[in-house]
Amino acid sequence: MTIWVDADACPNVIKEILFRAAQRTKMPLTLVANQPIHTPPSPCINSVQVPSGFDVADNYIAQQSKAGDLVITADIPLAADVVAKGAIALNPRGEKYTKENIKQRLTMRNFMEEMRGAGQAMGGPAPFNQQDRQAFANSLDRYLVSCTKKPGQS
């Protein structure tokens with residue numbers, strides 16, 4: 001299993017949580033961005049710089065990830081792609097994208113994009129805060145615990 005990070009827009013505080021988790025669990029962590037990403041020296045942490053361009057990092061993650069991997073992204077179309085492959089998608093605010101909720105998220109995203117295009121909706125998500133950081137850390141911990149459980153454990 002690998003943790004993939006759509007790193008261009010991922011908050012630094014979330015990257016730090018992921019660095020600590022990868023070092024603690026020895027789970028491979030790969031950050032993908034179209035710019036250089038500083039990572040701590042660790043055999044389980046690396047970064048991939050992709051060329052600049054629309055959705056290049058997203059496409060790389062969608063192609064490289066596989067069932068059982070964890071993908072950290074706020075990009076709903078990328079989340080939909082990896083969930084369809086059997087990967088887990090988690091946004092930086094700790095919200096898990098599933099087969100049950102991803103279609104609704106895509107529909108809402110597209111609707112809001114149309115509203116913004118028509119000048120009827122402004123702004124974006126609320127500023128990232130301490131509660132978001134904690135929600136992400138809790139969701140990540142739940143995922144990591146589920147990965148390390150042995151069959152028959154509860």
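This is a short tour of the model, one selection at a time.

Before you start, note that the model is predicted: local features need pLDDT of at least 70, side-chain atom pairs count only at pLDDT 80 or more, and totals for chains, interfaces and linings use all residues. Residues are numbered from 1 along each chain as its sequence is written, and side-chain values use heavy atoms, with hydrogens and water left out.

**Stop 1: the sheet**

Select the strands and colour them by order. You will find an open sheet of six strands, arranged β3-β2-β1-β4-β5-β6 with mixed pairing. Strands here are DSSP runs of E with at least two residues, helices are runs of H or I with at least four, and both are numbered from the N terminus; two strands pair if DSSP finds at least two bridges between them. β3 (45–49) and β6 (96–97) stand at the edges with a single partner strand each, so one side of each has no neighbour in the sheet. Now zoom in on β5 (residues 88–90), which pairs with β6 in the antiparallel sense over two bridges. Select A89 and you can follow its bridge to Y97 in β6.

**Stop 2: the helices on the sheet**

Next, show α1 (residues 12–25). This helix has 14 residues and reaches 20 Å from its first C-alpha to its last, close to the 20 Å expected at 1.5 Å a residue; the expected span is 1.5 Å times one less than the number of residues. α1 lies across β1, β2 (29–33), β3 and β4 (70–72), running at about 150° to β2. Helix α2 also packs on the sheet, where it touches β1, β2, β3 and β4, and its direction makes about 165° with that of β1. Contact means heavy atoms within 4.5 Å; axes are lines fitted to C-alpha atoms, for helices over the stretch in contact, with angles from 0 to 180 degrees between N-to-C directions.

Colour α1 by accessibility: its buried residues include I14, I17, L18 and F19. Buried means under 20% relative accessible area, exposed over 50% and partly exposed in between, using a 1.4 Å probe and protein chains only.

**Stop 3: two positive phi values**

Move to K26, in the loop between α1 and β2. Its phi is near 65°, a positive value in a residue other than glycine, and K26 is exposed at 62% relative accessible area. Then jump to D55, in the loop between β3 and α2. Phi of D55 is also positive, near 65°, while its relative accessibility of 29% counts as partly exposed.

**Stop 4: the aromatic pair**

Select W4 and Y60. A search of the whole structure finds one aromatic pair. The ring centres of W4 and Y60 are 6.3 Å apart and their planes are at 70°, so the pair is edge-to-face. Rings of Phe, Tyr and Trp (its six-membered ring) pair if their centres lie within 6.5 Å; planes under 30 degrees apart count as stacked, over 60 as edge-to-face and the rest as tilted. W4 lies in β1 (residues 3–6) and Y60 in α2 (residues 56–64), so the pair ties together parts 56 residues apart in sequence. W4 is buried at 8%, and Y60 is partly exposed at 24%.

**Stop 5: T73**

Finish at T73, in the loop between β4 and α3 (76–85). T73 is buried, with a relative accessible area of 1%. Not counting residues up to four places away in sequence, it touches several residues, among them D6, L90 and Y97.
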